[in-house]
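Reader: I'm new to this one. Can you walk me through it?
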Amino acid sequence: MKRGRDGKFVLEFEEIGIKDVPIVGGKNASLGEMYQELKKKGVKVPNGFAVTAFAYRYFLEKQGIRERIKQALRGLNTHKTRNLMRRGKRARKQILKSEIPEEIKQEIVKSYRKLCKEYGHEVDVAVRSSATAEDLPDASFAGQQETYLNIRGEKELLKACKKCFASLFTDRAISYREDKGFDHFTIALSIGVQKMVRSDLASSGVVFSIDTESGFKDVVFITSAYGLGENVVQGAVNPDEFYVHKPTLKQGYNSIISKTIGEKAVKMIYHKGGERPVRNIVVEEKDRKRFSINNKEIIQLAKWAAIIEEHYKKPMDIEWAKDGLTNELFIVQARPETVQSQKDLSKIEEYSLKEKGQLLCEGASVGSKIGAGKANIILNVKDIHGFKKGEVLVTDMTDPDWEPIMKIASAIVTDRGGRTCHSAIVSRELGIPCVVGTNLGSRRIKQGQNITVSCAEGERGKVYSGSLKFDIKKTDIAKLPKTKTKIMMNVGTPASAFEYSFIPNDGCGLAREEFIINSYIKIHPNALINFEKIKDIKLKEQIEKLTYGYKDKKQFFVDKLASGIAMIAAAFYPKDVIVRTSDFKTNEYANLIGGKNFEPSEDNPMIGWRGASRYYKPGYRQAFELECKAFKKVREEFGLKNVKIMIPFCRTVEEGKKVQKIMEEQGLKRGKDGLEIYVMCEIPANVILADEFSRIFDGFSIGSNDLTQLTLGLDRDSEIVSDIYDERNAAVKNFIKEVIGKAKKNKRKIGICGQAPSDFPDFAQFLVQCGIDSISLNPDTVIKTRLKIAETERKLRR
């Protein structure tokens with residue numbers, strides 16, 4: 001066999017780069033590239049060396065192993081698990097019973113001793129496989145071969161290296177290569193030997209430079225848990241999750257737009273004197289309820305992810321670790337993201353349930369599809385041979401050994417794991433729905449039960465009893481016409497915003513605070529402001545549980561509201577995002593936790609104490625100030641200055657002035673730093689006095705629902721008069737035409753965010769004829785209404 005550089009048994013990280021994949025595999029080539037090129041940009045990578053693919057081939061040839069493996073794999077059928085397991089075991093045995101040639105051993109030991117000089121006697125190392133075909137843009141080979149952690153001493157290192165060589169023929173690696181069309185013998189195995197980072201004393205996790213669920217490219221998604229990183233990768237823990245907005249991060253803002261605490265029930269630590277060099281221990285309750293890394297570390301990891309992505313010019317999947325001895329962060333792996341980055345963004349596929357079923361359990365959703373089938377509960381990998389194609393795999397967690405049956409499942413449900421665990425990564429690559437971290441899924445679902453797994457309802461994936469009917473709608477958005485009228489979107493839950501951003505749009509015309517408060521906060525703001533005065537012990541305990549970790553309960557409201565607003569603002573950045581301040585009615589506010597203590601009982605809340613009237617009155621003013629603090633955080637801390645604030649149900653010009661005075665006191669001055677303040681046009685007075693409202697507001701958004709009920713003098717919640725309720729009534733249309741004209745005269749922006757254009761395409765056409773600037777629609781009606789608007793604009797041009 002040839003020697004020279006391509007014929008070396010061992011290469012140091014400082015000798016290799018990304019072009020060396022054929023010599024040292026994707027993982028090692030990337031580590032060498034970062035060690036050489038990105039250290040100067042501040043990215044820390046622990047040193048190490050690679051046992052080359054040449055060494056692997058030399059080993060196989062010198063010891064005559066290749067032919068013996070070929071013989072062992074004869075008659076292979078990866079669709080029959082017993083057949084695969086039997087032949088895989090035979091293949092591995094051929095390597096494990098052979099001796100690594102002395103000349104290779106000497107080179108490995110020599111490089112290990114060099115590493116010991118740098119880091120200390122019998123330095124602890126991670127020994128990882130690096131196949132020459134892994135980490136390609138369209139095939140991740142995630143976890144197909146083995147990793148060995150906390151390996152110390154020359155003897156243990158050589159043992160781990162031989163096991164690594166054998167792991168090229170794990171059952172899952174054999175199956176994966178067969179499915180992807182890779183020849184077993186054109187692929188070779190290199191081994192990465194890298195100084196361990198003592199994250200057993202701190203934390204570790206995974207970073208994606210793209211959103212793993214939607215493919216949204218403007219965020220960094222970080223997961224973190226205590227201890228060594230294998231638990232996060234394999235899904236043994238539900239980790240903390242963070243989103244950082246890249247465009248504003250690069251402008252110097254601390255743009256951590258979302259933080260979610262994970263359960264983090266166990267952590268992997270070093271184990272001295274045991275059979276295995278690592279073991280899992282239970283995490284104390286108090287540590288589970290706090291974040292495993294701080295804001296400064298989140299920002300540092302996000303910056304490194306952006307640097308790595310820019311260097312490789314593609315979205316990346318990165319593993320990181322924090323050293324508990326030095327408190328330093330390190331990058332220990334980086335590979336191309338292989339699922340979302342390969343998506344065809346010119347086509348949108350929407351799944352939707354057509355019927356309801358009994359909810360069995362829920363967890364984090366992976367993907368946005370729906371799958372159904374018979375539940376097959378398997379808790380031990382040795383039992384996978386009983387799994388049939390089209391069944392739903394229900395288990396505690398998966399690792400790469402489960403891959404042979406994962407590829408034939410209609411859906412997957414796990415008790416443990418987060419959105420970057422093994423189950424999630426493989427499910428995305430296979431394109432099947434997966435719900436991870438259900439905690440009780442394997443106990444609540446019955447063996448053989450027909451179930452439906454839905455990942456089409458936002459960030460929470462749901463498992464229902466029965467095989468429910470669902471629809472799949474496919475749209476080619478590349479062929480959609482452009483329109484002069486801006487087509488914006490009404491967005492409710494922040495969790496859906498990234499997905500919706502792919503629908504052609506001109507921004508978000510209405511983001512409702514009520515959705516964020518109901519879903520993410522759940523507590524009446526006054527109950528948080530007056531937390532110490534609450535005498536109801538059960539209520540206090542309920543609030544304490546939701547706000548754990550917050551001594552200042554008011555800050556909980558500010559942080560959660562700011563995060564919800566920021567997720568929507570980031571999704572559409574730098575396009576306008578118009579966020580309406582809270583517009584609950586008193587009966588709706590009362591339904592929030594602790595709300596009954598702070599809300600009056602009104603006979604007709606629809607036209608009672610709501611909107612602008614609340615903000616300056618003593619019963620709510622302090623709560624409105626918290627809303628203002630959230631907006632200030634979004635714009636000034638996160639840098640999301642595309643957010644515009646809209647005031648609802650403003651009955652008089654004087655009210656508008658009072659509200660803006662409070663906003664200014666809270667640092668939200670109209671015109672400062674580009675801040676625009678809009679007003680809802682939903683009361684006849686807003687139309688009649690549109691000239692006066694134009695003097696104090698930057699624009700109007702027509703709320704056709706309330707404008708219709710107040711113009712026609714009816715309660716839109718009353719079934720008795722519902723037949724009269726019609727936004728297309730001549731009186732309503734006259735008001736709309738009038739206010740559009742007045743807004744244009746005063747050079748003020750005007751749009752509509754009510755339900756009518758979503759429900760009635762002819763109403764949207766009427767608005768275009770009136771010269772409206774923008775129409776904000778529900779996401780599911782954007783495409784069909786755009787087509788109608790384009791048609792109307794064409795007719796008007798004739």
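Author: Start with helix 29. Its buried residues pack against helix 27 (730-745), strand 29 (749-752), helix 28 (756-759), strand 30 (774-777) and helix 30 (782-797). Bear in mind that this is a predicted model.

Reader: Which are the buried residues?
Author: In helix 29 they are Phe763, Ala764, Gln765, Phe766, Leu767, Val768 and Cys770.

Reader: What follows helix 29?
Author: Glycine 771 does, and its phi is positive, near 85°.

Reader: Which residues other than glycine have a positive phi?
Author: Phenylalanine 649 is one of them, with phi near 45°. Asparagine 439 is another non-glycine case, at about 70°.

Reader: Is phenylalanine 649 buried or exposed?
Author: Phenylalanine 649 is buried, because its relative accessible area is 2% and the cut-off for buried is under 20%. Asparagine 439 has 37% relative accessibility, so it counts as partly exposed.

Reader: New topic. Which residues touch the most other members in the largest nonpolar core?
Author: Ile257, Ile647 and Ile702 do, in a core of 110 residues. Helix 19 (residues 553-572) gives the largest share of this core, 13 residues. Another core, of 47 residues, lies apart from it; Phe54, Ala55, Ile69 and Leu168 are among its members.

Reader: Is proline 574 buried or exposed?
Author: Proline 574 is exposed, because its relative accessibility is 61% and exposed means over 50%. From lysine 286, proline 574 is 288 residues away in sequence and 39 Å away in space, C-alpha to C-alpha.

Reader: And serine 501, where does that lie?
Author: Serine 501 is in the loop between helix 15 (497-500) and strand 24 (508-512). Its relative accessible area is 16%, so serine 501 is buried. Beyond neighbours within four places in sequence, serine 501 is in contact with Phe216, Ala571 and Phe572.

Reader: Now helix pairs. At what angle do helix 5 and helix 6 cross?
Author: Roughly 125°, with the axes of helix 5 (residues 102-119) and helix 6 (residues 154-166) coming within 10 Å. That angle is why helix 5 counts as oblique to helix 6. The crossing is right-handed.

Reader: Which residues make the contact?
Author: Helix 5 brings Lys105, Ile108, Val109, Tyr112 and Arg113, and helix 6 brings Glu154, Leu157, Leu158 and Cys161. By class, that contact has 6 nonpolar, 3 charged and no polar residues.

Reader: What about helix 4 and helix 6?
Author: Helix 4 (residues 81-96) packs on helix 6 at about 145°, with the axes 8 Å apart. Helix 4 also passes helix 6 in a right-handed crossing. Arg92, Ile95 and Leu96 of helix 4 meet Lys162, Lys163, Phe165 and Ala166 of helix 6. This contact has 4 nonpolar, 3 charged and no polar residues.

Key
Residues are numbered from 1 along each chain as its sequence is written. This is a predicted model: local features need pLDDT of at least 70, side-chain atom pairs count only at pLDDT 80 or more; totals for chains, interfaces and linings use all residues. Side-chain values use heavy atoms; hydrogens and water are left out. A nonpolar core is a set of buried Ala, Val, Leu, Ile, Met, Phe, Trp, Tyr and Cys residues joined through side-chain atoms within 4.5 Å. Buried means under 20% relative accessible area, exposed over 50%, partly exposed in between (1.4 Å probe, protein chains only). Helices (H or I, at least four residues) and strands (E, at least two) are DSSP runs, numbered from the N terminus. Axes are lines fitted to C-alpha atoms, for helices over the stretch in contact, and angles run from 0 to 180 degrees between N-to-C directions. Angles under 35 degrees count as roughly parallel, over 145 as roughly antiparallel, 65 to 115 as roughly perpendicular and the rest as oblique. A crossing is left-handed if the near helix is turned anticlockwise from the far one by less than a right angle, and right-handed if clockwise. Contact means heavy atoms within 4.5 Å. Ala, Val, Leu, Ile, Met, Phe, Trp, Tyr, Cys and Pro count as nonpolar, Asp, Glu, Lys and Arg as charged, and the others, Gly among them, as polar.
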